[in-house]
Amino acid sequence: MEGKEEDVKLGANKFNERQPIGTSAQTKDYKEPPPAPLFEPGELTSWSFWRAGIAEFMATFLFLYITILTVMGYARSTSKCASVGIQGIAWAFGGMIFALVYCTAGISGGHINPAVTFGLFLARKLSLTRAVFYIVMQTLGAICGAGVVKGFQPSIYQMQGGGANVVAHGYTKGSGLGAEIIGTFVLVYTVFSATDAKRNARDSHVPILAPLPIGFAVFLVHLATIPVTGTGINPARSLGAAIIFNKDHAWDDHVRSSPAFYILFFRLLISPAITNLSRLCNVPRCSGSSGSDHSSELRSLPSTTR
């Protein structure tokens, strides 16, 4: 009887947890890693550095290919009820991020977004050398992904907006800027929280689940901001679609749908080069002297194709 009374008093606390989880596991050792050096020339001679860049290129390429095709399928559908709808587009973006982050996290970290790369650089999680290399590869991958979609259906691509981001009719450019700032914050905040090394040290399940909240955050942000700007939150995605679509009304709002430091740089360097190349190849380019010249065209475009 005495033994039974002891069991009742101790209850569930009689046996210690063999695999503590949650707050009970906070006693695990954790050492803050040293900040990444600003410049690390030795990376340039490492195969893992170039392999990571290739992974970022391929991931962004596949991301643009699948998502822009989804947008084009929705835009060309005569009956919106028979198409995937805005929810389907949001799932395409979020689902691709989930899959691609899961596939590339062990190779490059699974950034797939210059905003994420820049945020991790500011947090001293990677060097300037690697950050610049990632951004260049992400941008090239996005351009190639959008280019392949246009190659499949060039006329439909141009008529339906090419998946480029523009501020929808009825919203001000300030509203578009605010929506993109908040949306990008939600994404980057989720990335930092899901990949926090301190949480990894406490909870063994966190690294496995990290791509899930990141993809889900992308899905939710797209649900909220597709009607406003078509949802940028990824400078490579916005820039790649704008370069391949290459029409003035997409460029006019582009600086407000992605981080300004990034877009201004490419707007000043890439856009003139694309224009000159189009002239050399005798490719017609839609032009306009002011925003009023194409305001009627903006009204006719479905908001989700922007």
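Trainee: At what angle do α4 and helix α7 (residues 173-194) pack, and how far apart are their axes?

Mentor: Bear in mind that this is a predicted model. To read a helix pair, take the angle between the axes and the distance between them. Here α4 and α7 pack at an angle of about 55 degrees, and their axes are 10 Å apart.

Trainee: Which residues make the contact?

Mentor: From α4 they are A115, V116, G119 and L120. From α7 they are T184, L187, V188, V191 and F192. The crossing of the two helices is right-handed.

Trainee: Is α4 largely enclosed or open, and why?

Mentor: Burial is judged residue by residue, with under 20% relative accessible area as the cut-off. Helix α4 covers residues 114-122, and seven of its nine residues are buried, so the rest of the structure largely encloses it. The buried ones are P114, A115, V116, T117, G119, L120 and F121.

Trainee: What is found at the two ends of α4?

Mentor: At the start, a side-chain oxygen of N113 comes to within 2.8 Å of the backbone nitrogen of A115. After the helix comes R124, which has a positive phi, near 60 degrees.

Trainee: Now a single residue. Where is P211, and is P211 buried or exposed?

Mentor: P211 lies in helix α10 (residues 211-229). Its relative accessibility is 5%, so P211 counts as buried.

Trainee: What does P211 touch, leaving aside its neighbours within four places in sequence?

Mentor: P211 is in contact with F98, V101 and Y102. A distance can also be read between C-alpha atoms: those of P211 and T190 are separated by 10.0 Å, and the two residues are 21 apart along the chain.

Trainee: How many helices and strands does the whole protein have?

Mentor: The secondary structure comes to 14 helices and zero strands.

Methods:
Residues numbered from 1 in each chain as written. Predicted model: local features only at pLDDT ≥ 70, side-chain atom pairs only at ≥ 80, totals over all residues. Heavy atoms only, no water. Buried < 20%, exposed > 50% of the residue type's maximum accessible area, 1.4 Å probe, protein only. Helix = DSSP H or I, 4+ residues; strand = E, 2+ residues; numbered from the N terminus. Polar contact = N/O pair within 3.5 Å; in protein donor to acceptor, adjacent residues only side chain to side chain. Axes fitted to C-alpha atoms, helices over the stretch in contact; angles between N-to-C directions. Left-handed = near helix turned anticlockwise from the far one by under 90°. Contact = heavy atoms within 4.5 Å.
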